[in-house]
Amino acid sequence: MSQTPLLKLAYVVPRYGAEIIGGAETATRMLAEALVRLGRAEVEVLTTTALSMDSWANHFPAGTDTLGGVTVRRFAVDGERAPNFAAATRRALAAPAAQSMDEAAELIRMQGPVSYGLLEALGAGRYDAVFFYPYLYHPTVEGVRLVNAPAIMHPAAHDEPVIDLPIFKGVFAAVSGFAYHTAAEREVVESRFQVAEKPSIDLGMGFEPHEGLGLGYLREMGIEGRPFILCLGRVDAPKGTTLLVDLFREYKERNPSDLQLVVAGPVYIAPNPAPDVHVVGPVSEAAKDELLSECSALVSPSAFESFAIVLLEAWAKRKPVLVNSICAATSEQVQRSGGGLRFDGFETFEAALNLLTRDASVAAALGAAGQRYALSRYHWPDLIDRYVAFIRRVMAAEASKSRLS
Amino acid sequence: MPEQSTHADKSTSEEFGPEASTDRVEEYLESAAELEPELQDAEARAYMRSLELRIETEVARLRSEGKYPPSLARRVRTYYRTLLPDGAASGERDFDAVFKTLDRIAYMDVDVPTASSKPGVAFVKRSLRTLMAWYLNYLAQQFNNFATNLVHLLGIADVRIAALESRFDASAFRATGLLAATAAAKAQAATAGRVAEALSGTRGRVLVAECADGTLLAGLSEAGLNAYGVESRRELLQAAEARNLELREGGTLEHLAGVAPGSLAALVLSGIVDRDTVNDRVAALVHARRVLEEDAALVLVCASADAFDDPANRIEADLSPGRPFAPETWGFLLGKLGFGSITSEPSEDGPYLVLARNARMAPEIGALADSKVVLTALEPPRERRR
């Protein structure tokens with residue numbers, strides 16, 4: 001019996017590595033490693049030598065490396081983030097759609113990272129399909145037109161001013177297929193760019209449930225013995241962590257209790273200090289598992305997400321979640337799963353938190369619904385089956401288009 | 001469907017109150033696990049909605065008791081400013097979200113921050129604030145009065161528009177999925193072979209909208225066409241998913257609006273052509289003119305004009321805003337919109353096909369695709385200009 005040949009796939013992402021915790025970067029690594037682990041594809045990642053997304057300064061050595069079974073090819077950064085990028089962004093995003101193509105292209109170049117070596121390698125590569133993750137950066141904007149294979153985009157798009165820059169119309173049009181995190185993300189893209197006829201999939205992201213009890217991390221962090229709610233991910237004002245700490249401080253003043261808030265993740269903008277709030281910085285996978293296992297609920301305060309893997313990780317451990325209703329993606333995840341609650345201001349934050357932390361039956365029922373949802377849709381083998389079928393469909397469509405032309 | 005009290009019911013009873021025992025919860029979880037996955041999802045969503053209702057009720061109660069002082073509202077506004085730009089500036093398109101943002105920011109705060117790390121500056125700032133207070137308060141009072149009334153007016157307008165939409169949304173029943181078993185599904189089954197024959201050899205993307213349970217779409221895919229389907233009714237979509245087809249969940253017009261000009265090699269329209277409003281049907285044809293390649297095929301899979309007289313279709317006939325057209329009507333509309341090679345093919349048992357070819361797209365058609373007043377598409381361009 002002849003076996004289906006392994007797909008040869010490439011992912012293009014601005015930065016890549018185990019040290020990098022970020023939505024698109026982590027998602028790319030998880031997908032790439034799952035494809036290899038499950039024996040469905042050979043995967044190469046084309047990325048830059050940058051580690052910091054604030055500067056895109058060269059950090060890793062250029063060259064080829066292997067990480068989790070995935071071949072990682074790093075190329076030097078030729079254009080880091082321009083010093084005047086923040087000011088230029090403020091000006092441009094006051095009226096993004098009114099920017100000229102040249103102005104928009106210049107803004108993307110100033111944003112960085114620019115790597116001509118990466119673009120050259122992309123043009124020379126021979127792959128069955130090339131994936132771009134996310135839509136926003138120079139390697140995607142310039143790279144989608146250079147590849148000799150179907151270009152598939154994981155836009156990781158959300159409703160933000162920058163997506164209305166005119167340069168993205170051509171970028172999205174040049175892509176052969178789209179892998180969306182959620183239906184909300186699909187709507188964001190299709191309401192702006194006429195790409196609805198292109199093959200697409202609402203994929204989400206897979207996860208692997210872990211055990212994580214009694215490893216002693218809570219004691220090390222000084223939070224053992226008292227209940228806590230957890231916020232996981234980048235600690236940064238745009239991610240909502242400053243808002244969350246402010247809301248929690250108000251909550252504790254009005255609702256005295258021994259409840260704590262633990263904020264774990266790399267700190268970009270530290271929130272204001274507040275009683276019973278622990279900003280513990282980046283944590284290991286094991287510590288994260290223990291935090292998730294022991295928390296009363298997980299809170300996702302961000303207004304700008306295209307998908308939140310942390311919700312799945314919390315649900316895997318039967319924990320309810322509380323999300324910012326302004327965020328269409330996390331709101332959709334909660335609405336579809338029935339695994340949590342949403343807040344749209346202090347009043348609903350307070351009432352929801354009271355419900356989640358004072359009523360064990362509510363937390364248990366929401367957590368159970370979330371767990372069922374996460375396990376039935378986002379378990380790696382099933383998700384990768386759907387993904388590979390989609391990739392083959394895009395390849396077939398492109399092959400048929402080539403025959404036609 | 002197994003008899004099962006809903007999760008939502010339980011949540012409002014004492015059984016799920018604060019004092020519920022762990023045993024009771026486990027019992028519930030076990031019983032929920034016995035349900036079909038779709039029912040479990042529905043239960044979970046209903047339970048979540050019931051909790052959101054509890055939250056809304058609690059917030060309303062505390063608000064009516066004056067438990068949220070104005071100073072709290074002001075602080076929370078400041079917190080949100082660290083996270084969100086104004087709704088309109090952030091590209092927000094959802095009315096409710098923008099309205100909430102407007103409500104939050106429509107307030108001029110004269111309580112200027114006076115803190116400073118430089119010695120003496122805080123004192124100067126406080127003094128200036130005190131000196132200017134009479135002036136700023138006067139201006140702020142006028143602005144706040146205007147802004148409050150403006151937000152209130154928008155709120156009233158929203159309620160009125162929502163009422164109008166609710167009264168005149170002729171497609172509401174289609175959207176609810178109440179009309180799952182339709183004359184269109186029968187028409188698709190009866191004409192699937194003929195449609196596959198008519199489109200055989202088509203190269204490029206083919207869309208079937210609505211694709212119902214996927215019978216016709218499966219035939220096209222098996223014939224080697226690069227076809228995908230759109231369907232808004234969840235239960236039909238699930239049936240189609242079981243056939244391993246490429247599918248999108250959504251409405252026909254909404255999907256067509258997101259399709260690039262000239263990107264389809266063929267378009268099969270079904271369902272919308274039988275029961276939607278005349279305006280929606282014409283809008284679909286205008287979209288077809290825009291999204292089809294030049295000379296690409298448009299296929300309308302239609303129920304017969306008297307299909308709604310059939311007792312089997314009585315409920316659909318009563319609840320639908322439109323009735324099936326006769327072939328002549330389609331010929332008239334397609335001709336007016338600039339399609340060519342228009343033919344109709346009746347079948348023995350009622351359903352019929354209308355086939356047409358897309359002509360070169362006139363510029364005004366592309367512009368009209370975004371218009372609500374699609375009937376103007378039927379007027380000759382010169383008359384429209386006058």
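This report covers the interface between chain A and chain B, then a sheet in each chain, in a predicted model.

## The A–B interface

Chain A brings 64 residues into contact with 58 residues of chain B. The size of an interface is often given as the accessible area lost when the parts come together. Here the area buried between chain A and chain B is about 4,800 Å². Carbon and sulfur atoms give 56% of that area. Three residues of chain A stand out: A:Gln194, A:Glu197 and A:Arg372. They supply 13% of what chain A buries against chain B, more than any other three residues.

Polar pairing across the interface is counted in two ways. The rule finds 15 residue pairs in polar contact, both residues being at pLDDT 80 or more. Salt bridges between chain A and chain B number 5. A:Arg342 and B:Glu52 meet through their side chains in a salt bridge, at 2.9 Å from N to O.

## What chain A presents to chain B

Several elements of chain A each supply at least two residues to the side that touches chain B. The helices are helix 7 (183-190), helix 9 (241-254), helix 12 (328-337), helix 13 (346-358), helix 14 (360-377) and helix 15 (380-404). Strand 14 (340-343) of chain A also belongs to this set. Helix 14 of chain A gives the largest share, 9 residues.

By residue class, this side of chain A divides into 28 nonpolar, 12 polar and 24 charged residues.

## The sheet of chain A

In chain A, 8 strands form an open sheet with mixed pairing. Their order is 3-4-2-1-5-6-7-8. Strand 3 (63-67) and strand 8 of chain A stand at the edges. Each has a single partner strand, so one side of each is left without a neighbour in the sheet. The twist averages 20° from one strand to the next.

At one end of the order, strand 7 (residues 177-180) and strand 8 of chain A run parallel, joined by 3 bridges. A:Phe178 stands opposite A:Ser200 of strand 8. Helix 4 (residues 116-124) of chain A lies across strand 1 (7-12), strand 2 (41-48), strand 4 (70-75) and strand 5 (129-132). Helix 4 runs at about 150° to strand 2 of chain A.

## Salt bridges overall

Over all chains the count comes to 35 salt bridges. One pair is A:Asp202 with A:Arg186, whose side chains meet at 2.8 Å from N to O. A:Asp202 lies in strand 8 (residues 200-202) of chain A and A:Arg186 in helix 7 of chain A, so this pair ties together parts that are 16 residues apart in sequence.

## The sheet of chain B

Chain B holds an open sheet of 7 strands, again with mixed pairing. The order is 3-2-1-4-5-7-6. Strand 3 (247-249) and strand 6 (340-346) of chain B are the edge strands, each pairing on one side only.

Strand 5 (residues 292-302) and strand 7 (residues 352-357) of chain B run antiparallel, with 6 bridges between them. Within this chain, B:Ala297 has B:Arg357 of strand 7 as its bridge partner.

Two helices of chain B meet these strands. Helix 10 (residues 234-241) packs on the sheet and touches strand 2 (226-231) and strand 3 of chain B. The direction of helix 10 makes about 165° with that of strand 3 of chain B. Helix 13 (residues 278-291) of chain B lies across strand 4 (264-270) and strand 5, running at about 150° to strand 5 of chain B.

Conventions
Residues numbered from 1 in each chain as written. Chains lettered and ligands numbered in written order. Predicted model: local features only at pLDDT ≥ 70, side-chain atom pairs only at ≥ 80, totals over all residues. Heavy atoms only, no water. Contact = heavy atoms within 4.5 Å. Buried area = accessible area lost by both parts, 1.4 Å probe. Salt bridge = Lys/Arg side-chain N within 4 Å of Asp/Glu carboxyl O. Polar contact = N/O pair within 3.5 Å; in protein donor to acceptor, adjacent residues only side chain to side chain. Helix = DSSP H or I, 4+ residues; strand = E, 2+ residues; numbered from the N terminus. Nonpolar A, V, L, I, M, F, W, Y, C, P; charged D, E, K, R; others polar. Pairing = 2+ DSSP bridges. Axes fitted to C-alpha atoms, helices over the stretch in contact; angles between N-to-C directions.
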